[in-house]
There are 2 protein chains.
Amino acid sequence: MFAALGDPTRLRLVTRLCGGPLSITVLSEDEPVTRQAITKHLEALSLAGLVRDTRAGRERLWELQPKRLETARRTLEHISAQWDDALRRLAEYIEEKE
Amino acid sequence: MFAALGDPTRLRLVTRLCGGPLSITVLSEDEPVTRQAITKHLEALSLAGLVRDTRAGRERLWELQPKRLETARRTLEHISAQWDDALRRLAEYIEEKE
DNA sequence: CGAATGTGCAATAAAATGGTTGCACGTTGG
DNA sequence: CCAACGTGCAACCATTTTATTGCACATTCG
């Protein structure tokens, strides 16, 4: 999932989808790459569980699926917390030594 | 930075560094790839501002630099928040319509 | 109906990525 | 001192990723 958000184009797509569902063509308009490239990026995001698509006539609408964002956030929090612990232990160790 | 955390080996390195600074050789011992590969991963993490290195004699110690993790977390929070807003607006819109 | 629109699929090309080997160089400890 | 250890650097290879082009298919609207 971090890999999915790691591409600048995909991160941009995610932020644009914050405003609500959009079609492939609309998403392509403000990007410097072709529609097909955008499709592949959306499929990558879908594989990571970050977005999902709905068919509406001849359009394919993509929308955010923010549950996975929560898990990513928790992972980062976990790492931060562990690091804080490590720092605390290190401080205690130094104090003990002196 | 999401790209930096996107590689499984690098994410593993980050979690291992939660316990405190470690040298390249030590980090390589539990990984299936060569020391040089680990070096490249550490440099990628360094470029993203996630870790930093200190020289200690002939060793090079790497440690976490968790400030950037905070900004990443905030980014995810921001995206989640925007999405919540969008959902709320959508709900209001539908209600208004009926 | 027929043209325009929105999309899907396949082949391909170019670039980035992840990994390796081989060797050189500084540091440390007996 | 010198052998072992920890690291740096460069060349190189394979795979994956990113993006393109060309064409086909379905849907909508005048």
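Helices (H or I, at least four residues) and strands (E, at least two) are DSSP runs, numbered from the N terminus. This is a predicted model, in which local features need pLDDT of at least 70, side-chain atom pairs count only at pLDDT 80 or more, and totals for chains, interfaces and linings use all residues. Residues are numbered from 1 along each chain as its sequence is written, and chains are lettered from A and ligands numbered from 1 in the order in which they are written.

**Surface near DNA strand C**

- A residue is near a strand if its C-beta atom, placed from the backbone, lies within 6 Å of it.
- At least two residues each come from helix 3 (24–29), helix 4 (35–47) and strand 3 (59–64) of chain A, and from helix 4 (35–47) of chain B.
- Helix 4 of chain B supplies the largest share, four residues.
- Of the 19 residues around DNA strand C, those that come nearest are A:S23, A:T25, B:V33, B:T34 and B:G57.

**Contact between chains A and B**

- Chain A and chain B each give 24 residues to the contact, which requires C-beta atoms, placed from the backbone, within 7 Å.
- On the chain B side, helix 1 (2–6), helix 2 (8–17) and helix 5 (67–97) each give two or more residues.
- Helix 5 of chain B gives the most to this side, with 12 residues.

**Sheet of chain B**

- Three strands form an open antiparallel sheet in the order 1-3-2; strands pair if DSSP finds at least two bridges between them.
- Strand 1 (22–23) and strand 2 (51–56) of chain B are the edge strands, each pairing on one side only.
- Six bridges join strand 2 of chain B to strand 3 (residues 59–64) of chain B, where B:T54 stands opposite B:L61.

Terms used
Contact = placed C-beta atoms within 7 Å.
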